[in-house]
Amino acid sequence: MGKTRVLAAALVTALLATAGCGGPAPGGKGDDKEAGTIRLLTPIFEGADGKKVLEDQLKTFKDSHPKVTVEVDYTSYAKLNEKLTTSIASGRPYDVMLMGVGWIPPFAAKGALAPLDEQKSDLSQRFYERVVDPGIYDGKVYGLPIMLDTRFGLYRKDFFAEAGLSGPPRNFAELREYGRKLTKRDAGGKLTRAGLDILSNDLRQTFLPLLWANGGDLFTADGKPAFNSEAGVGALQLMTDVIRTDRSEDFGFTQSGAAGGPPLAQGRAAMMIGHNNVWQAIQETAPDLIKQDKIGFFMIANERPALFQGGTIGTVSAKSAHPAAAKALVTFLAGEKPSLAANEQRGNVPALKSLATSEYVTGNKAVQFAMENMGSAFSEGGVPAWLEIRGDFKATVESALLGKKTPKQALDELATSAQSAIAKG
């Protein structure tokens, strides 16, 4: 059992153990006024710059909520699940928890989260509807989106022009074909430029947009694994072919030299499936590429266009002693100024429709592209056992890319493991 599975199992045990414990809950006998000390756990606002951004926003929050004190615990997404699990097991969970897309069902299903006083219909007026759904479980709103993380295609326009390509690929066949044309190796066969970089991004988050673009889904409507469908196998087969047949990329090539910026900026890749903040990284390391309009974007598409949409969601603990204050903080952090500041600091995508015309968005073409294509966005998660399942995708994808298993064998094995985790409840 891997570390992710251990933590997830510990989380379930802790939640079951604390479900019968005392302690006020929203709507119960707790303090229903916007007052008290609340503890915030956040995996964003990291580093000195991020801390300064959050502290400035919390000063504004304090001005309108003078009786509320916020204590912040900074962490990373790598350690977030462990932090949440430990706090729940100790009987002193955080009042406000910022967590990822796909995390709501695992926590809400076990009673760890408090429903918010929000309706989907109202939120869909303010936020892009697609980003509201990940905060809903069993028909109730448990979280508000603060920022989005997206993955899509990025490419070098100058390299495309040199290869005689007039625009980005429109389907899987062209994705592979263009990758082969754009790949460069020296006389000895050593790779000097990857035609299609699928390795520098998280492997799960590369596989999923390909799965969705191929017409597939992670799970069925009744919560059974669906990622090992024909569409899923086809998506993983494409990744395998890029590495093993087309040789459009080699292991280790695009993952090295990160200090010099993204492979796209270094000229070590002509195309990639990557994060929207690659744009910000290019601004910092190779700004002339942006000034000369050499960076382009495209939707991953085959049966349909698909955009990977993750992000950070604000939630309230079901055990908070100050539920009104905690809910007020979540609402504040999801508001225009705080969320804009958070997105600017990380180069991410705002969830609020009103921020589409902000100076930040209009000055960042990658963020603009993501917001313009939110209608084709898909999110991971969907079942309470997701946190137990998600960590196994990397090894599954790698086993196919390394030729240890066929794509079908790899995904079938993961589906069997996933169904076991789902059946445990």
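Author: Happy to! Let us begin with a definition: rings of Phe, Tyr and Trp (for Trp, its six-membered ring) pair if their centres lie within 6.5 Å, and planes under 30 degrees apart count as stacked, over 60 as edge-to-face and the rest as tilted. By that rule, the structure holds 17 aromatic pairs. One of them joins Trp212 and Phe378, whose ring centres are 5.5 Å apart with planes at 15 degrees, so this pair is stacked. Trp212 belongs to helix α9 (residues 203-213) and Phe378 to strand β13 (residues 377-378), so the pair ties together parts that are 166 residues apart in sequence. Helices (H or I, at least four residues) and strands (E, at least two) are DSSP runs, numbered from the N terminus. Trp212 and Phe378 are both buried, where buried means under 20% relative accessible area, exposed over 50% and partly exposed in between, with a 1.4 Å probe and protein chains only.

Now take Phe297 and Phe369: their ring centres are 5.6 Å apart and their planes at 35 degrees, so this pair is tilted. Here too, distant parts of the chain are linked, with Phe297 in strand β10 and Phe369 in helix α17 (residues 365-372), 72 residues apart. Phe297 and Phe369 are both buried. Elsewhere, ring pairs join Phe207, Phe219, Phe227, Trp386 and Phe393 into a cluster.

A word on where this comes from: the model is predicted, local features need pLDDT of at least 70, and side-chain atom pairs count only at pLDDT 80 or more, while totals for chains, interfaces and linings use all residues. Residues are numbered from 1 along each chain as its sequence is written, and side-chain values use heavy atoms, with hydrogens and water left out.

Strand β10 (residues 295-298) leads us to strand β6, since the two are antiparallel partners over 4 bridges; two strands pair if DSSP finds at least two bridges between them. In this pairing, Gly153 stands opposite Phe298. Strand β6 also pairs with strand β9 (residues 271-275) in the antiparallel sense, over 5 bridges, and there Phe152 faces Gly274. How many residues of β6 are buried? The count is 14 of the 14 (residues 143-156), so the strand is largely enclosed by the rest of the structure.
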